[in-house]
Amino acid sequence: MRRRNVFDTDALRLLDAVARTGSFTAAAAELGYTQSAVSRRIASLERRAGGPLFARLARGVRLTPAGELLHRHARIVLNHLAKASDELAGIHGGYRGRLRLGAFATANVALVPGALRAFRREFPDVETVPVEAPSGGLLRRMREGGLDVAVVSDYPSGLPYDDEVEMIELAGDELLVALPGDHPLAAGDGVDLRELREETWLEAAPPGRRTMLGDACARAGFTPRATVRIAEWTGKFGFVAAGLGITLVPALAAWAVPDGIALRSLGEFAPRRTVSAALPRAPLPAARAFVRFLAEAVPAAPAGAAGGQPGR
């Protein structure tokens, strides 16, 4: 029978450090080893793995395909061990330890900061580690054991079902249209989506996926004329302010919209996203508590979002 390889956690931590830093020397400094010790340990790990895990380059190292596979599994193991440590701390010492919380970009405008401030007041001994990423990436990281709680939404193209993750709906959030302040339709209280059929839209939808924008335009009887792929909100706002396109903005993020941009409701054609909290199957007590603070922190849409002054 072929002997099965056994990888100890110290070796996996070393593999992770080298993969992250791209250098034996940098990994040695991070972990308190000598560079020669790192080289010997990696060579030993490669023998156990049955082949090279790193390609030695003129400057630094790069994971081989085998190294990428083992590193992916190593991250899952190390994340689960870290979570076990946090759970033990919570059991033996109450709400202590570390809470790794993720959120998509616009949730960090008002929702997460409000909840985090209240949470830290009640649980000052919990170290909170915020992570920002798109919702799909947050769910992948949670499945790998890298997050304890996450704020996700089904915008722009929905979320995959995952029976390993518990979803708790926090709010329905209307998507408003952001127009340049001098746009002819910016002066009204609302906009009929059909009047925007000739506009250039700014969005960063996954290629080949249906989007809320596309579905809303279909209900209004047209296909968006053109879209420009802009991912970051600051970039979208810059393009809108310059009159280079228009975009959808969640009402929860209306506070972040700069001067020179008008937010208007699309009325009957307005898309709505669902904002939810995601928890792993066996959540930390602190994660469950943070969801309560998220629910309490859901802000009302600002009064000017649908009918305020143009340019805001």
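Is aspartate 192 buried, exposed or partly exposed? Aspartate 192 is partly exposed, with a relative accessible area of 27%. This is a predicted model, and the points below walk you through its pockets, one lysine in a helix and some of its charged pairs.

**The largest pocket**
- The largest pocket holds about 790 Å³ of space.
- Its lining is made of 30 residues, and those nearest the centre are Pro134, Ser135, Tyr155, Pro156 and Ala204.
- Sorted by class, the lining has 14 nonpolar, seven polar and nine charged residues.

**The second largest pocket**
- Here the volume is about 350 Å³.
- The second largest pocket is lined by 19 residues, with Arg75, Asn79, Ala82, Arg98 and Arg100 nearest its centre.
- At least two lining residues come from each of α1 (9-21), α2 (24-31), α4 (65-93), β3 (97-103) and β4 (126-132).
- Helix α4 gives the most to this lining, with five residues.
- By class, the lining splits into nine nonpolar, two polar and eight charged residues.

**Lysine 83**
- You will find lysine 83 in helix α4.
- Lysine 83 counts as buried because its relative accessible area is 12%, and the cut-off for buried is under 20%.
- Leaving aside residues up to four places away in sequence, lysine 83 touches Arg100, Asp148, Pro280, Ala282 and Leu284.

**Salt bridges**
- Side chains of opposite charge can pair when their charged atoms come close.
- Across the whole structure, a search finds 12 salt bridges.
- One of them joins aspartate 8 to arginine 48, with the closest N and O atoms 3.3 Å apart. This pair links distant parts of the chain, 40 residues apart: aspartate 8 is in the segment before α1, and arginine 48 is in helix α3 (residues 35-49).
- Aspartate 8 is partly exposed at 36% relative accessibility, and arginine 48 is also partly exposed, at 25%.
- Aspartate 16 and arginine 20 form a salt bridge at 2.9 Å, N to O. Both sit in helix α1, four residues apart, which is about one turn of the helix.
- Within that pair, aspartate 16 is buried at 5% relative accessible area, whereas arginine 20 is partly exposed at 47%.
- Aspartate 192, from the opening question, meets arginine 194 in a salt bridge of 2.8 Å, N to O, and arginine 194 is partly exposed at 38% relative accessibility.
- Elsewhere, salt bridges with shared partners join Asp16, Arg20, Glu30 and Arg75 into one network.

Methods:
Residues numbered from 1 in each chain as written. Predicted model: local features only at pLDDT ≥ 70, side-chain atom pairs only at ≥ 80, totals over all residues. Heavy atoms only, no water. 1 Å grid on protein atoms, 1.4 Å probe; cavity = no way out; pocket = protein on both sides within 12 Å on 5 of 7 lines; lining within 4 Å. Points joined across faces, edges and corners; volume = space filled by probe spheres on them. Nonpolar A, V, L, I, M, F, W, Y, C, P; charged D, E, K, R; others polar. Buried < 20%, exposed > 50% of the residue type's maximum accessible area, 1.4 Å probe, protein only. Contact = heavy atoms within 4.5 Å. Salt bridge = Lys/Arg side-chain N within 4 Å of Asp/Glu carboxyl O.
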